[in-house]
Amino acid sequence: MEREKRYMPVLVRFDQEGTMRPMVIEFDEAHKYTVDQILDVRRAACQSVGGVGDRYTCRIQGRETYLWFEKGRWFVSARTGHPMNSKKKSS
């Protein structure tokens with residue numbers, strides 16, 4: 001299965017200590033997903049699409065998935081050809 005690095009908006013909450021918690025991942029206007037739980041946060045490399053950053057292991061709709069924070073931007077390792085990836089940027 002092919003994957004691509006997909007940057008996207010994420011709604012984030014900061015607590016009084018400055019800890020960042022992703023709340024909602026916005027794939028597009030029709031696909032917004034609430035992060036139900038943060039299971040782990042660690043510095044790690046993304047083996048599937050490259051990059052190094054803070055890897056958030058999240059539970060979303062009962063499934064575990066990774067969300068990455070790299071150089072001030074959020075990304076996921078998204079399947080290519082998936083309906084949520086059909087909006088390609090034109091050059």
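A residue is termed partly exposed when its relative accessible area lies between the limit for buried residues, under 20%, and the limit for exposed residues, over 50%. In the predicted model described here, D40 is partly exposed, with a relative accessible area of 23%. The side chain of D40 meets that of R42 in a salt bridge, with a distance of 2.6 Å from N to O. R42 also counts as partly exposed, at 44% relative accessibility. Within strand β6, T57 is the bridge partner of D40.

The chain contains eight strands and zero helices. Of its 91 residues, 34% are buried. The accessible surface of the chain amounts to about 6200 Å², and carbon and sulfur atoms contribute 47% of this area. Among contacts with a separation of 6 or more, 40% are formed by residues 24 or more positions apart.

Five strands form an open sheet in the order β1-β8-β7-β6-β5, and their pairing is antiparallel. Strands β1 (3-7) and β5 (37-45) are the edge strands, each of which pairs on one side only. From one strand to the next, the twist averages 30°. Strand β5 is joined by eight bridges to β6 (residues 52-60), and these two strands run antiparallel.

The structure holds four salt bridges, including the D40 and R42 pair. Another is formed by E70 and K5, whose closest N and O atoms are 3.1 Å apart. Because E70 belongs to strand β7 and K5 to strand β1, this pair ties together parts that are 65 residues apart in sequence. E70 is buried, as its relative accessible area of 9% falls under the 20% limit. K5, in contrast, is partly exposed at 28% relative accessibility. A further salt bridge links the side chains of K32 and E29, at 3.9 Å from N to O. Here K32 is partly exposed, with a relative accessible area of 43%, whereas E29 is exposed, with a value of 71%.

When residues up to four places away in sequence are not counted, L67 touches V10, P22, I25, D54, R55, Y56, C58, W74, F75 and V76.

Key
Residues are numbered from 1 along each chain as its sequence is written. This is a predicted model: local features need pLDDT of at least 70, side-chain atom pairs count only at pLDDT 80 or more; totals for chains, interfaces and linings use all residues. Side-chain values use heavy atoms; hydrogens and water are left out. Two strands pair if DSSP finds at least two bridges between them. Helices (H or I, at least four residues) and strands (E, at least two) are DSSP runs, numbered from the N terminus. Axes are lines fitted to C-alpha atoms, for helices over the stretch in contact, and angles run from 0 to 180 degrees between N-to-C directions. Contact means heavy atoms within 4.5 Å. Buried means under 20% relative accessible area, exposed over 50%, partly exposed in between (1.4 Å probe, protein chains only). Accessible areas come from the Shrake-Rupley method with a 1.4 Å probe; for residues, only the protein chains shown count as cover.
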